[in-house]
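Work through the following exercises with the sequence and the structure side by side.

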Amino acid sequence: MRLVVQNDKKGRLRLRGARLQGARLRRARVRGVVAVLAVAAIASGCAQGGIAGQPGGGSPAAGPVPSRSADAPASPPQGTRTPDSTRRPDGTRAPDGRRPQSAQQAHAARVAAARRWRLARVPLVPPPPPRSKPEITTRKGFEVDGHEELGLPPVFTTVPTTRKIVFLTIDDGAEKDPAFLRMMSDLKVPYTAFLSDYVIKDDYGYFERMRRTGTGLHNHTLHHRYLPALSYRRQQYEICGMQDVMEERYGVRPALFRPPFGNYDRDTLRAARSCGVRYVPLWNEEVFVDHWEYREWDRKIRPGDIVLSHFRGRGEWKGTMPDMIRRFLDKVTAEGFAVARLEDYL
């Protein structure tokens, strides 16, 4: 009997073990189903809202996104700006698609860049471009016979504005200093280049890198001749020929033209107009590595002044292009001027 009892006990133990094992299997199945559902829910959320840390997604470990209350507006108030993940604070689109910096981050970056390039002050940020462009007319005394009647491009040295801004323009393209490109990109200082083919043709790519940063590339003739000494046809060849080069190399026929040495006559402006030129900006100041030169008798910088410099290095100057930019920025910043983009005002 004891043996029988012994056998019954073992059977009950076997039965209990089987029941426990079955319960474990059922719990495992339930856990597996829950896990599959959770993965599906996460995948669905990613497909709709994006991955955390990427456009359209939430910030990592930021908690749930608060829902908009019934009283909250469906869109920002009129006149406010919504962030664009591929636009810089100045409105231009970032080439690498990175998110724009906050105001604090942008200022910290400007401070760091000014320190890195040994500037005396942090360059001022220019105001947004005007919605209504100022009317550009030829400066008094710079007209040619029949200037208005013939509809010739205006010749000017200053853009009419009350804003404390100046415009930096750099001529010819002889010096191709990589440090200059790094400096201007780092500091985010706008400038406009007027190029001559005879000095840029050995490295068109240098100016293509410049163009990709938003710098305007414009016409300074093929060979940098003294134009008033040439016939109308020869002037047209110099100007229109450079338009062709710019279109072939950079995909655009420039609207701006600067005559070499700032010298021109009526034929120059007629030829420029025939080539599609709309404006002939000259300059009111010129900056070198070691000094400034002024057109006005009082040697003062005025709002809207156009400043000239050149692509030059130690071969012709007592310094480099970054040295010239340092002198330029230190002076205009100390006098309360920001550097704006000339094309934004034309």
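**Exercise 1. Where does H224 lie, and is H224 buried or exposed?**

Solution. Begin with the place: H224 sits in the loop between β4 and α6, where helices (H or I, at least four residues) and strands (E, at least two) are DSSP runs, numbered from the N terminus. Next take the accessibility: H224 has a relative accessible area of 18%, so this residue is buried, given that buried means under 20% relative accessible area, exposed over 50%, and partly exposed in between (1.4 Å probe, protein chains only). Last, consider the backbone: H224 has a positive phi of about 60°, although this residue is not a glycine. Most residues other than glycine have a negative phi.

A word on the model is needed before going further. This is a predicted model, in which local features need pLDDT of at least 70 and side-chain atom pairs count only at pLDDT 80 or more, while totals for chains, interfaces and linings use all residues. Residues are numbered from 1 along each chain as its sequence is written, and side-chain values use heavy atoms, with hydrogens and water left out.

**Exercise 2. Describe the place, the phi and the burial of T221.**

Solution. T221 is found in the loop between β4 (216-219) and α6. The phi of T221 is near 75°, which is a positive value in a residue other than glycine. The relative accessibility of T221 is 0%, and therefore T221 counts as buried.

**Exercise 3. Which cysteines does the disulfide join, and where are they in the chain?**

Solution. The structure holds one disulfide, a term used here for a pair of cysteine sulfur atoms within 2.5 Å. The disulfide joins C240 to C275, with an S to S distance of 1.7 Å. This pair links distant parts of the chain, 35 residues apart, since C240 lies in helix α6 (residues 232-250) and C275 in the loop between α7 (266-274) and β5 (280-281). The angle about the S-S bond is -80°, and the link of C240 and C275 is left-handed. Both cysteines, C240 and C275, are buried.

**Exercise 4. Check the span of helix α8, then find what its buried residues pack against.**

Solution. Helix α8 (residues 321-334) has 14 residues, which at 1.5 Å a residue should span 20 Å, and its end C-alpha atoms are 20 Å apart, so the two values agree; the expected span is 1.5 Å times one less than the number of residues. The buried residues of α8 include M321, I325, F328 and L329. The buried residues of α8 pack against β2 (165-172), α3 (178-187), β6 (285-287), β7 (292-294), β8 (306-310) and β9 (338-340). Just after α8, G336 takes a positive phi of about 85°.

**Exercise 5. At what angle do α3 and α8 pack, and which residues meet?**

Solution. The helices α3 and α8 pack at an angle of about 35°, with their axes 8 Å apart; axes are lines fitted to C-alpha atoms, for helices over the stretch in contact, and angles run from 0 to 180 degrees between N-to-C directions. From α3, A179, F180, M183, M184 and L187 meet M321, P322, I325, R326 and L329 of α8, where contact means heavy atoms within 4.5 Å. The residues of this contact divide into nine nonpolar, no polar and one charged, with Ala, Val, Leu, Ile, Met, Phe, Trp, Tyr, Cys and Pro counted as nonpolar, Asp, Glu, Lys and Arg as charged, and the others, Gly among them, as polar. Besides α8, the buried residues of α3 pack against α2, β2 and α5 (204-212). After α3 comes K188, whose phi is positive, near 60°.

**Exercise 6. Which residues does V159 touch, and where is V159 placed?**

Solution. V159 is placed in the loop between β1 and β2. At 0% relative accessibility, V159 counts as buried. Not counting residues up to four places away in sequence, V159 touches P134, I136, F167, P303, G304, L342 and Y345. The C-alpha atoms of V159 and L342 are separated by 8.5 Å, although these residues are 183 residues apart along the chain.
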